[in-house]
Amino acid sequence: QVQLVESGGGLVQAGGSLRLSCAASGSIFSINVMSWHRQAPGKERELVAVIDSSGGTDYLDSVKGRFTISRDNAKNTVYLQMNSLKPEDTAVYYCYAEVSPYTDYRVYDYWGQGTQVTVSS
């Protein structure tokens with residue numbers, strides 16, 4: 001019932017910007033942490049940015065100062081503003097959320113389908 005739908009990926013030139021969005025829908029009581037991860041071909045998936053329910057954030061060192069993660073709790077949505085993009089940022093970006101449904105006190109893990117970000121030089 002719960003799903004994460006990502007949008008905002010695309011092709012940009014180096015130095016450009018993109019804003020990724022990930023909206024959670026379904027029978028949701030609350031969302032704890034939300035995060036963005038990325039995976040380039042032949043590479044391990046890595047955590048890019050994470051934001052907790054109070055707005056605290058952390059970032060992969062290579063994106064600090066360039067990327068900003070934020071969330072809109074009323075919309076159950078997490079964003080990733082990506083500025084000063086570099087070719088090495090090229091990857092499939094996935095959003096993640098820890099979600100508690102209305103009928104269950106437990107927390108479940110959900111992943112988005114992934115969105116391609118390609119940065120040309």
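**Charges, rings and strands in a predicted model**

Student: Which residue has the ring face that Arg-45 lies over?
Tutor: A charge sits over a ring if NZ of Lys or CZ of Arg is within 6 Å of the ring centre and within 35 degrees of the ring normal. Arg-45 is at 3.9 Å from the ring centre. The ring is that of Tyr-94.

Student: What kind of model is this?
Tutor: Residues are numbered from 1 along each chain as its sequence is written, and side-chain values use heavy atoms, with hydrogens and water left out. Local features need pLDDT of at least 70, side-chain atom pairs count only at pLDDT 80 or more, and totals for chains, interfaces and linings use all residues: this is a predicted model.

Student: How far is the charged end of Arg-19 from the centre of the ring it sits over?
Tutor: The ring belongs to Tyr-79. The distance from its centre is 4.0 Å.

Student: In what order do the four strands of the open sheet stand?
Tutor: Strands (E, at least two residues) and helices (H or I, at least four) are DSSP runs, numbered from the N terminus. Two strands pair if DSSP finds at least two bridges between them. Here the pairing is antiparallel, and the order is E1-E3-E8-E7.

Student: Which strands stand at the edges?
Tutor: Each edge strand has a single partner, so one side of it is left without a neighbour in the sheet. The two are E1 (3-7) and E7 (67-72).

Student: How many bridges join E1 to E3?
Tutor: E3 covers residues 18-25 and runs antiparallel to E1. Ser-7 stands opposite Ser-21 in E3. The number of bridges is five.

Student: How many aromatic pairs does the structure hold?
Tutor: Rings of Phe, Tyr and Trp (its six-membered ring) pair if their centres lie within 6.5 Å; planes under 30 degrees apart count as stacked, over 60 as edge-to-face and the rest as tilted. By that rule the number is two.

Student: What is the arrangement of Phe-29 and Tyr-102?
Tutor: Their ring centres are 5.9 Å apart. Their planes stand at 70°, so the pair is edge-to-face.

Student: How many residues apart in sequence are the parts tied together by Phe-29 and Tyr-102?
Tutor: Phe-29 lies in strand E4 (28-39). Tyr-102 lies in the loop between E9 (91-101) and E10 (108-111). So the pair ties together parts whose separation in residues is 73.

Student: Is Phe-29 buried or exposed?
Tutor: Buried means under 20% relative accessible area, exposed over 50%, partly exposed in between (1.4 Å probe, protein chains only). The value for Phe-29 is 58%, so Phe-29 is exposed.

Student: What is the arrangement of Tyr-96 and Trp-111?
Tutor: The rings are 5.1 Å centre to centre. With 55° between the planes, the pair is tilted.

Student: Which cysteines form the disulfide?
Tutor: A disulfide is a pair of cysteine sulfur atoms within 2.5 Å. The count comes to one. Its sulfur atoms are 1.9 Å apart, and its members are Cys-22 and Cys-95.

Student: What is the handedness of the disulfide of Cys-22 and Cys-95?
Tutor: The torsion about the S-S bond is about 45°. The disulfide is therefore right-handed.

Student: How many residues are in the largest nonpolar core?
Tutor: A nonpolar core is a set of buried Ala, Val, Leu, Ile, Met, Phe, Trp, Tyr and Cys residues joined through side-chain atoms within 4.5 Å. Trp-36, Leu-80, Met-82 and Tyr-93 have the most contacts inside the largest one. Its residue count is 29.
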